[in-house]
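I opened my notebook to write down what I could look up in this structure, one topic at a time. The sequence and the model come before my entries.

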Amino acid sequence: MKTGIEHMNEQFNYMASVITEYLTEPNEVNMFLAVQHISYIEGIAFAALMAHKENENDSDIAVKMSQEARVLRNDYDEKLGIK
């Protein structure tokens, strides 16, 4: 049986792949959608970090999501020339 964090991780991974697609073709619409989705997955990652640990792997999954969200935010900022 999957834990709540594992279910969150599935949604996170799907959204991260969508964001990556948006960032490969940076136009006005894709960049707008990317930043909205990045904010969404940052929220998922934060919630996972704050959630009660159901098993040993949950904290590792939560940290991985948080790190991947940061990488996507940095990619977005780089495409905009912020970094």
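Which residues have the most contacts inside the largest nonpolar core? I found Phe12, Ile19, Leu23, Ile41, Met65, Leu72 and Tyr76 listed for this core, which has 22 residues. I noted that a nonpolar core is a set of buried Ala, Val, Leu, Ile, Met, Phe, Trp, Tyr and Cys residues joined through side-chain atoms within 4.5 Å, where buried means under 20% relative accessible area with a 1.4 Å probe, counting protein chains only. The elements that give two or more residues to this core are α1 (4-24), α2 (28-50) and α3 (56-80).

I wrote down that this is a predicted model, in which local features need pLDDT of at least 70 and side-chain atom pairs count only at pLDDT 80 or more, while totals for chains, interfaces and linings use all residues. Residues are numbered from 1 along each chain as its sequence is written, and side-chain values use heavy atoms, with hydrogens and water left out.

Next I looked up the helices, which are DSSP runs of H or I with at least four residues, numbered from the N terminus.

I then followed Ile19, which touches Ala34, His37, Ile38, Ile41 and Leu72 when residues up to four places away in sequence are not counted; contact means heavy atoms within 4.5 Å.

Last, I noted that buried residues make up 35% of the 83 residues in the chain, and that its C-alpha atoms fill a box of roughly 40 × 25 × 15 Å along the principal axes.

Note on methods: Buried < 20%, exposed > 50% of the residue type's maximum accessible area, 1.4 Å probe, protein only.
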